Amino acid sequence: MADTLTFHYDVDGENFTSAGQASVQVKKNLRQLGFDPETIRRVSIAMYEGEINMVIHAGGGTADVTVDNGYIEIVLSDTGPGIANINQAMQEGFSTAPDNIRTLGFGAGMGLPNMKRYTDYMHIDSVVGEGTTITMRVNY
Amino acid sequence: MTINTIKELLGAEMLCGNECLDKDVHSACGSDMMSDVLAYVKDQAVLLTGLVNAQVIRTAEMMDMLCVVFVRSKQPSQDMIELAKECGIAVMTTSMRMYDACGILYSNGLNSNG
């Protein structure tokens, strides 16, 4: 791919029903660009989990997706409460989500582990009280 | 197993996706926790769930699932059905409980591995 493509999305933190719309759009864009289904699925699942996290924990944020030579990068940024202990947050089953989120099918402590599972690179920058930026890459 | 066979085995009512009845489903997953569903990629899968909100359809879409079965006679909203139509996902509802619905599909040859 000769040129770098970028997509920017604002993730609405007020509406759980609409959470995931940015991921749906990215999926459509990657499909139009002719990516293979496995790459599209990995990118869209990782981004979807990240979007849900931003809605649950941070009141929304932004998502920037870059299609570069050999990889697709997703950067999710929010100005939420931050993650106090990243190692703990990466453990499957650890969750700080409120109970009402579990009744909606999320908050089982699988979000961050799933994001790592589906990507080739993942880095979390987080400052308590300031926010979190997660950078993920899927190679293709 | 075709979507039509799933419908027959579960005595289910189709809510959308009648044009998908002949499609082959290779694996199945039963859960009310969407992150558990997202943890394990299935190929051409059906999702059985008792959870009813738009994220069920969106999760199925992210996983390229072909069909969603709502158990215990759960009825998705019209918005959810419209979302499923847009994504080309067949949706049905059955009066069976999750355990029974999964057991019947499993004993008829549909397992979690595809």
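In chain A, helix H2 (residues 37–57) lies across E1, E2, E3 and E5, running at about 5° to E3(A). Helices (H or I, at least four residues) and strands (E, at least two) are DSSP runs, numbered from the N terminus, while contact between two residues requires that their C-beta atoms, placed from the backbone, lie within 7 Å. Axes are lines fitted to C-alpha atoms, for helices over the stretch in contact, and angles run from 0 to 180 degrees between N-to-C directions. The model is predicted, so that local features need pLDDT of at least 70 and side-chain atom pairs count only at pLDDT 80 or more, whereas totals for chains, interfaces and linings use all residues. Residues are numbered from 1 along each chain as its sequence is written, and chains are lettered from A and ligands numbered from 1 in the order in which they are written.

The strands of chain A form an open sheet of five with the order E1-E2-E3-E5-E4 and antiparallel pairing, two strands being paired if DSSP finds at least two bridges between them. Strand E1 (5–12) and strand E4 (121–127) of chain A stand at the edges with a single partner strand each, so one side of each is left without a neighbour in the sheet. From one strand to the next, the twist averages 10°. Helix H1 (residues 21–32) of chain A lies across E1 and strand E2 (60–68) of chain A, and its direction is at about 160° to E1(A).

Strand E3 (residues 71–78) of chain A is joined by eight bridges to the antiparallel strand E5 (residues 131–139) of chain A; Glu73(A) stands opposite Arg137(A) in E5(A), and Ile74(A) has Met136(A) as its bridge partner. Seven bridges pair E4(A) with E5(A), also in the antiparallel sense, with Val127(A) opposite Gly131(A). Three residues lie between the strands in the hairpin of E4(A) and E5(A), where Gly129(A) takes a positive phi near 90°.

In chain B, helix H3 (residues 54–62) and helix H4 (residues 78–87) pack at an angle of about 10°, with their axes 9 Å apart. H3(B) is therefore roughly parallel to H4(B), a description that applies to angles under 35 degrees.

The contact between the chains takes 17 residues from chain B and 19 residues from chain A. On the side of chain B that touches chain A, helix H2 (34–39) and H3 of chain B each supply at least two residues, and the largest share, six residues, comes from H3(B).

Notes:
Angles under 35 degrees count as roughly parallel, over 145 as roughly antiparallel, 65 to 115 as roughly perpendicular and the rest as oblique.
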